[in-house]
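Me: I would like to learn how to read a protein model. Can we take one feature at a time?

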Amino acid sequence: MSETTVHPAGLDLTPAEMAPFIQHTKIDPDATRDEMVAHAREAVTHGFNAAMVSASWLPLVVAELKGTGVEVASALDFPTVGVMTSAGKAAEAAEIARLGADQLDMGVQVGWLKSGRYDEFREDIAGVVRACGLPVKVMLELPLLTDAEKEAAVELAMEAGASYLKNASSGQIETANPASVRYLVDRAREGVRVKASGSIKSYRQGLELLRAGASLLGTSAGLAIITDSGDASTASY
C-alpha cells in the first residue's frame with residue numbers, strides 16, 4: 001500500500017478496511033528471523049500499509065515484501081529518543097535508505113528544544129531528511145512539551161522537511177488520542193500529514209484517530225484491530 005494513503009474524514013470503515021491505514025509494527029529486541037518473516041507475510045495477507053521493523057531486519061523484510069505493494073518502514077533514534085548524535089542519525093538514515101526502506105520515523109532532540117536550541121533541533125531533523133530522501137515521520141513527544149514548545153516543535157519539524165508529524169514515539173510517552181491528532185492536523189501545512197502512535201489497541205480507538213484526521217496508525221496490535229478483538233488488555237506499543 002502507498003504511504004500516501006489518505007483517510008476521507010468521517011468515513012465508516014469496517015475493522016478489515018482499516019488495514020491500509022495501519023503500519024504493522026514489530027520492533028521486539030528478541031524477535032527471531034522466523035517471526036520477522038511471519039510479520040512481513042501478515043502485512044501482505046491483510047493489506048497493511050507497511051511493515052515497520054528495526055533497521056537490522058531491513059534486508060530480510062525488504063526481500064520478503066518485494067513486489068507485494070506493501071511498503072517497508074523503519075526508525076532511528078528510537079525507542080529511546082534524543083540519544084543519537086545528528087551525524088549518527090544522518091548516517092543511519094542514509095543506510096536505512098540504502099537497505100531499501102520506503103519510509104523512516106525518527107526521534108527528536110527534546111532536550112535541545114526545551115533548552116531553546118531551535119536551530120539545532122531543526123537541523124537534526126533536516127539532516128535526516130536530506131540523507132535518506134524518504135518520507136520522514138517526526139516523533140514529537142507532545143506530552144513532554146509545554147504549549148509553547150509544542151508549537152515550536154511542529155513548526156521546526158515542518159521547516160526541516162518532515163512529511164508526517166507524530167504525536168509520540170510509543171505508548172510509554174502517550175496513548176494516541178483524538179485531541180493530539182487534531183492538534184497536529186490543525187497545524188499541518190499542505191502536504192504534511194499526521195501519524196498517530198502509542199498503545200493503539202482496538203478498532204474503535206483506531207477509527208476515532210482516523211476520524212480526527214490521522215492518515216496512518218502505528219501499532220503492533222494490527223491483527224487485533226482488523227479483527228475487532230482488541231481491548232484494554234491487548235499488548236501494543
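Reply: Residues are numbered from 1 along each chain as its sequence is written. This is a predicted model in which local features need pLDDT of at least 70, side-chain atom pairs count only at pLDDT 80 or more, and totals for chains, interfaces and linings use all residues, while side-chain values use heavy atoms, with hydrogens and water left out.

Me: What is the mean pLDDT of the chain?

Reply: pLDDT is the predictor's confidence in each residue, from 0 to 100. The chain has a mean of 94, and 96% of its residues reach 70 or more. Over residues 1-9 pLDDT stays under 50. Where pLDDT is low, the predicted coordinates should not be read in detail.

Me: Which peptide bond is cis?

Reply: Most residues other than glycine have a negative phi, and most peptide bonds are trans. Here the bond from F78 to P79 is cis, with omega near 15°. P79 sits in the loop between β3 (71-76) and α3 (86-98); helices (H or I, at least four residues) and strands (E, at least two) are DSSP runs, numbered from the N terminus. D77 is in the loop between β3 and α3, and its phi is positive, near 50°.

Me: Is D77 buried or exposed?

Reply: Buried means under 20% relative accessible area, exposed over 50%, and partly exposed in between (1.4 Å probe, protein chains only). D77 counts as buried because its relative accessible area is 3%.

Me: Where is S199?

Reply: S199 belongs to the loop between β7 (193-197) and α8 (203-211). The phi of S199 is near 55°, a positive value in a residue other than glycine. With 12% relative accessibility, S199 is buried. Contact means heavy atoms within 4.5 Å. Leaving aside neighbours within four places in sequence, S199 has contacts that include G171, T175 and Y237.

Me: Why does V129 count as buried?

Reply: V129 counts as buried because its relative accessibility is 18%. V129 is part of helix α5 (residues 118-132). Not counting residues up to four places away in sequence, V129 touches V136, A160, G161 and A162.

Me: Which residues touch the most other members of the largest nonpolar core?

Reply: In soluble globular proteins, nonpolar side chains tend to be buried together. A nonpolar core is a set of buried Ala, Val, Leu, Ile, Met, Phe, Trp, Tyr and Cys residues joined through side-chain atoms within 4.5 Å. The largest has 67 residues, of which I125, V138, L140 and L217 touch the most other members. A second, separate core of five residues includes A50, M52, A75 and M139.
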